[in-house]
Amino acid sequence: MNTDFLTTREKIFFLLSYLDEPLSAREIMRRLDIRKEKEIYDHIEHLARSSKRKGYTLIIIPARCKSCGYTFNSEKIKRPSRCPVCKSEKIEMPKFLIRNK
């Protein structure tokens, strides 16, 4: 499929729609050759808002602390810097997937 005519957001949408495994923002960056991680989170936030009125669901696997197991709030679509419980910076980043309703 030729994706040259798609916007970055549409590319992210199709990537997350057709894969079986959820992807982190960094994995999306590598696959789509995007340089800024914040850009990915901005697009995913928009996809989450628009999913309410369109025929898909954005599935968010929340970030988790690798040290103590604390699970971050999945409502916030961003990269946490450190665990609020143990202060560790070893964080498993949130992952994303899109499915039809």
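Select helix α2 (residues 25-32) and α3 (37-50). Their axes are 9 Å apart and the packing angle is about 105°. Axes here are lines fitted to C-alpha atoms, for helices over the stretch in contact, and angles run from 0 to 180 degrees between N-to-C directions. That makes α2 roughly perpendicular to α3 (the word covers 65 to 115 degrees). Helices are DSSP runs of H or I with at least four residues, strands are runs of E with at least two, and both are numbered from the N terminus.

This is a predicted model: local features need pLDDT of at least 70, side-chain atom pairs count only at pLDDT 80 or more, and totals for chains, interfaces and linings use all residues. Numbering starts from 1 along each chain as its sequence is written, and side-chain values use heavy atoms, without hydrogens and water.

Now show the side chains between α2 and α3. From α2, pick Ala25, Arg26, Ile28 and Met29; from α3, pick Glu37, Ile40, Tyr41 and Ile44. Contact means heavy atoms within 4.5 Å. Six of these residues are nonpolar, none polar and two charged. (Nonpolar means Ala, Val, Leu, Ile, Met, Phe, Trp, Tyr, Cys and Pro; charged means Asp, Glu, Lys and Arg; the others, Gly among them, are polar.)

Thr8, Arg9, Ile12 and Phe13 of α1 meet Glu39, Ile40, His43, Ile44, His46 and Leu47 of α3. This contact has five nonpolar, three polar and two charged residues.

Next, select residues 7-59. An unreviewed UniProt entry annotates them as "domain: PF0610-like winged HTH N-terminal"; such annotations may be inferred rather than shown by experiment. The span is 62% helix and 11% strand, and its end C-alpha atoms lie 21 Å apart.

Turn to the largest pocket, about 220 Å³ in volume. Select Glu45, Ala48, Arg49, Ser51, Lys52, Thr57, Leu58, Ile60, Ser74, Glu75 and Ile77 for its lining. α3 and β2 (56-61) each give two or more residues. (On a 1 Å grid over the protein atoms alone, a pocket is an open set of points where a 1.4 Å probe fits, with protein on both sides within 12 Å along at least five of seven lines; lining residues have an atom within 4 Å of a point. Volume is the space filled by probe spheres set on the points.)

Notes: Angles under 35 degrees count as roughly parallel, over 145 as roughly antiparallel, 65 to 115 as roughly perpendicular and the rest as oblique.
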